[in-house]
Amino acid sequence: MARPSGTLITQFILRGRPLKIVQVALDKAKRQVANEMVAAIRSTIQIPYPPASVPGEPPHRRSGRLTKSVRIKATKAGLNVRTVSYGFYLEGGTSNMAPRPFIRPVLFDEGARVKWQRRISQLARRYAGRK
């Protein structure tokens, strides 16, 4: 059997398991982790306005629209993050406003990516019938 290409997440589980079981387990694990990521992102936007958020810190909650709009969909290519249009301006900043990131710190900063990959791996093992 040829060694699989792609992420390390799938390699631990392919030995001795039918590919269909692996794919189903990995898809289910990615959906579960996407839901956990949404909850983590939403938890960063809990401080009520006023006062306004400091540049570099997550935005403060005003109406709750930004918090409710965060969605992550697991696809074969990766994860698609969606939010209201102004969410991306808050995340990256504009020429008149410093960034107030609330997605990047949860998904990509120092160890976060490794944490999510380990979580996907852990859930995929469980869903594929391995502890």
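Helices H2 and H6 cross in a right-handed manner, a crossing being right-handed if the near helix is turned clockwise from the far one by less than a right angle, and left-handed if anticlockwise. This is a predicted model, in which local features need pLDDT of at least 70 and side-chain atom pairs count only at pLDDT 80 or more, whereas totals for chains, interfaces and linings use all residues. Residues are numbered from 1 along each chain as its sequence is written, and side-chain values use heavy atoms, with hydrogens and water left out.

The two helices pack at an angle of about 140°, and their axes lie 8 Å apart. H2 is therefore oblique to H6, given that angles under 35 degrees count as roughly parallel, over 145 as roughly antiparallel, 65 to 115 as roughly perpendicular and the rest as oblique. Axes here are lines fitted to C-alpha atoms, for helices over the stretch in contact, and angles run from 0 to 180 degrees between N-to-C directions. On the H2 side, the residues that meet H6 include Ala25, Leu26, Ala29, Val33, Met37 and Ala40; their partners in H6 include Trp116, Ile120, Leu123 and Tyr127. Contact means heavy atoms within 4.5 Å.

H6 covers residues 112-127 and spans 22 Å from its first C-alpha to its last, close to the 22 Å expected at 1.5 Å a residue; the expected span is 1.5 Å times one less than the number of residues. Buried residues of H6 are Ala112, Trp116, Ile120, Ser121, Leu123 and Ala124, where buried means under 20% relative accessible area (1.4 Å probe, protein chains only). After H6 comes Gly129, with a positive phi near 95°.

Helices (H or I, at least four residues) and strands (E, at least two) are DSSP runs, numbered from the N terminus. Of the 131 residues, 34% are buried.

The loop between H2 (19-44) and H3 holds Pro50, and Pro51 is placed in the loop between H2 and H3 as well. The peptide bond from Tyr49 to Pro50 is cis, with omega near -10°, and the bond from Pro50 to Pro51 is also cis, with omega near 0°.

Confidence remains to be considered. The chain averages a pLDDT of 86, on a scale from 0 to 100. Helix H1 (residues 8-14) has the lowest confidence, at a mean of 48, and H3 (residues 65-69) the highest, at 95. Over residues 1-13 the pLDDT is below 50. Where pLDDT is low, the predicted coordinates should not be read in detail.

Terms used: pLDDT is the predictor's confidence in each residue, from 0 to 100. Buried means under 20% relative accessible area, exposed over 50%, partly exposed in between (1.4 Å probe, protein chains only).
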